[in-house]
Amino acid sequence: MHTTPLYEAYKDYPQMKMTDFGGWDLPVNYENGILAEHAFVRNDVGMFDVSHMGECFVEGKDAAAFLDSLVTNDVSKQVVGKAMYALMCYENGTVVDDLILYKMSEELFFVVMNASNVAKDLEWIKGHCPSDVKVTDLSDATCQIAIQGPNAYKSVEKLV
């Protein structure tokens, strides 16, 4: 069973329920129960360890054009500093995976892949990558925390 870099920080938390999520030992809910936690995130803010997700950099002068050739959304219209949700497709139109693409600069994208699809996604991306675009797997070196809910921005703003 895989664990995230944050596992040691929460593994002994009292009344936490852990679950096997695609081979990862992850918390599913804490002491209040999943329904109460769901309602709390919907109405306030919650934090999730999503370090099990896969990540890579796609960089180079033609990185945006390359990603445009792989996904359904229009990467060429993406704004620096923003994220975009997109489906990565096979040539026949079926879905390889759904991704989140963060445009870090005009030539650098941070791509988030589903944990169970990392190997398959990287193989597909690298297999179609032109020579002037570089793909770097960051999955084992990246820790992610998702902060979600209507008060997420206000909560994070206090820290940064």
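A nonpolar core is here a set of buried Ala, Val, Leu, Ile, Met, Phe, Trp, Tyr and Cys residues joined through side-chain atoms within 4.5 Å. With that in mind, and remembering that this is a predicted model, begin with the largest such core, which has 24 residues, and select Val-58, Val-71, Val-75, Met-88, Phe-109, Val-111 and Met-113, the members that touch the most others. Then colour strand E4 (54–59), helix H3 (63–70), strand E5 (83–89), E6, strand E7 (108–113) and helix H4 (118–127), each of which gives two or more residues to this core; the largest share, five residues, comes from H3.

Next, centre the view on Met-88, whose contacts beyond four places in sequence include Leu-70, Val-71, Val-96, Leu-99, Trp-124 and Ile-125.

Turn now to the largest pocket, with a volume of about 1,000 Å³, and select Tyr-30, Glu-37, Met-47, Phe-48 and Asp-49, which are the closest to its centre of the 29 residues that line it. Helix H2 (34–43) is one of the elements that supply at least two lining residues, as are strands E1 (17–21) and E2 (24–29), and H2 gives the largest share, six residues. By type, the lining divides into 18 nonpolar, seven polar and four charged residues.

Finish at the second largest pocket, which holds about 270 Å³ of space, by selecting Met-53, Ile-100, Tyr-102, Val-112 and Gln-144, the closest to its centre among 14 lining residues. Strand E6 (95–105) and E9 each give two or more residues to this lining, which comprises 10 nonpolar, three polar and one charged.

Notes: Residues numbered from 1 in each chain as written. Predicted model: local features only at pLDDT ≥ 70, side-chain atom pairs only at ≥ 80, totals over all residues. Heavy atoms only, no water. 1 Å grid on protein atoms, 1.4 Å probe; cavity = no way out; pocket = protein on both sides within 12 Å on 5 of 7 lines; lining within 4 Å. Points joined across faces, edges and corners; volume = space filled by probe spheres on them. Helix = DSSP H or I, 4+ residues; strand = E, 2+ residues; numbered from the N terminus. Nonpolar A, V, L, I, M, F, W, Y, C, P; charged D, E, K, R; others polar. Buried < 20%, exposed > 50% of the residue type's maximum accessible area, 1.4 Å probe, protein only. Contact = heavy atoms within 4.5 Å.
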